[in-house]
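Here is a short briefing to read alongside the model. Please keep the sequence and the 3D view open.

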Amino acid sequence: MQPDDAEAPVIRGDERGSFAWSVLAERHPALIQKVRDAFPYGPEQHRALDALLEHAAHGVIEPLPPGAHDASQWQVWGRDHFGKSWFDVPFLWAESYFYRRLLEAVGYFRPGPWQGIDPFRPFKQAELHTAEADAELAALDRLAPLPADDQAQALLLSSLWGNRADLGFRISAGGEGVAGDSRIVADDSALLWSLLTAGAPASVCLVADNAGRELLPDLVLIDHLLRNRHAERVILHVKPYPYYVSDATTSDVIDCLRRLRAAHGAASEAGERLWAAMTTDRLIVRAHAFSCAPLPYADMPDDLRADFGGAAVTLFKGDLNYRRLVGDRLWQPTDSFAGRTAYFPGPVAALRTLKSDVVVGLDASTEAALVAEYEQKWRTSGTHALIQVRR
Ligand SMILES: O=P(O)(O)OC[C@@]1(O)O[C@H](CO)[C@@H](O)[C@@H]1O
């Protein structure tokens, strides 16, 4: 815990009409319906989904069934929360547990025919085969003639804005859910590139967020880092199981690599290089259990700390990772990003579009201008983004 944690309230879903409340009360039921519609689940799975819907709305949080492989882990994580309403425990905890219970309901972990069937796969797959994805990959051909620094910055921005398209966000925003007015509210990209000096024998960690239209540009950025010797090795952290609808797992990485290789021109070349990089450990994929933990990164275990501590920089993608990085609390937007991430074992960067209440590291004038123009909507609308770095 950081010294001034007590000053900022932990976000919970208990305030009707708040963003956190809307996720628990509206986004989660809508997601259950989408998952039901996407698979021919049997009666037992439908009954379990009905029970989850009912419990999450009106019941109290119960432990996992004793036979679940991770029941004892969740027993520890949940000891302060069992028996309480989902709306009265930390929002971060409630959301993570919802995804774990959803997988329980559809039999994702249980030996049997549905074991390992990702309930979000149809949505993630659809993302990879849209006209927008085709156009984004084709656009890479136009980058190739540019100087390496311009390519680098363009790829960084493409990875940043790729974060707008997460599927959970779109379930509540409806359709694309993104207005035309997009702005970067903090931009430490120059500092980030200064940490990625070409030719240094560095490792870089990238903590991925969404599959599909976000992971494609993330992978192309990784290819650029490797190819231009900004990094000798990249460690890509993904989720060990389906999570927050579109979060990337190892299967999604492979699907994206296949998609890149099947494209034309620069995209296909990047796909071939990345495929080869995985076979020689220049690109390493890790699916650490903590990546789906209902906890902030301040509580990370020692092996993960060592991984991040050995990197020239760790890039955290996306909104959820940002919440976990700085802590899921109602900080003052002008609180220091460096202060909030002081516990982190090495240089760290956040690349995120703003889709929840948490934000730090803004100038007072930037915050005042945002509030004057949008009241508090800029925090959750996905129209604004940030690149923040602590060296
Ligand atoms: O991490 P991501 O994909 O950028 O965003 C995750 C998100 O859609 O889900 C959470 C609410 O369910 C919020 O953190 C945010 O709105």
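This is a predicted model: local features need pLDDT of at least 70, side-chain atom pairs count only at pLDDT 80 or more; totals for chains, interfaces and linings use all residues.

Residues are numbered from 1 along each chain as its sequence is written. The chain has 17 helices and 7 strands. Two domains are assigned, domain 1 (5-106) and domain 2 (121-390). The ligand lies between them, because both give residues to the shell around it.

**Whole chain**

- Helices (H or I, at least four residues) and strands (E, at least two) are DSSP runs, numbered from the N terminus.
- The radius of gyration is 20 Å, close to the 21 Å that the globule rule gives for 391 residues, so the chain is as compact as a globular protein of that length. The radius is taken over C-alpha atoms, and the rule is 2.2 Å times the number of residues to the power 0.38.
- Along the principal axes, the C-alpha atoms fill a box of roughly 60 × 50 × 40 Å.
- Of the 391 residues, 46% are buried. A residue is buried if 20 or more other C-beta atoms lie within 10 Å of its own, exposed if 12 or fewer, and partly exposed in between, with C-beta atoms placed from the backbone.
- Take the contacts between residues at least 6 apart in sequence: 80% join residues at least 24 apart. Contact means that the C-beta atoms of two residues, placed from the backbone, lie within 7 Å.

**Domain 1 against domain 2**

- The domain bounds come from an automatic or database domain assignment.
- The domain centres, taken over C-alpha atoms, are 26 Å apart.
- In domain 1, 22 residues are in contact with 20 residues of domain 2.
- On the side of domain 1 that touches domain 2, α1 (19-38) and α4 (91-106) each supply at least two residues. The largest share, 8 residues, comes from α1.
- That side of domain 1 has 16 nonpolar, 2 polar and 4 charged residues. Ala, Val, Leu, Ile, Met, Phe, Trp, Tyr, Cys and Pro count as nonpolar, Asp, Glu, Lys and Arg as charged, and the others, Gly among them, as polar.

**Ligand shell**

- The ligand is surrounded by 16 residues. A residue counts as near if its C-beta atom, placed from the backbone, lies within 6 Å of the molecule.
- The closest are Asp 166, Gly 318, Asp 319, Leu 320 and Lys 355.
- Two or more residues come from each of α1, α9 (167-173) and α15. The most, 3 residues, come from α15.
- By class, the shell has 4 nonpolar, 5 polar and 7 charged residues.

**Asn 321**

- Asn 321 sits in helix α15 (residues 319-326).
- Asn 321 is buried, as 22 other C-beta atoms lie within 10 Å.
- Beyond its neighbours within four places in sequence, Asn 321 is in contact with Val 207, Asp 209 and Phe 316.
- Ala 293 is 28 residues from Asn 321 in sequence and 11 Å away in space, C-alpha to C-alpha.

**Ala 133**

- Ala 133 belongs to helix α6 (residues 131-138).
- Ala 133 counts as buried, with 20 C-beta neighbours inside 10 Å.
- Outside the four places on either side in sequence, Ala 133 is in contact with Glu 127, Leu 128, Arg 213 and Leu 216.
- Arg 213 is 80 residues from Ala 133 along the chain, yet their C-alpha atoms are separated by 6.5 Å.
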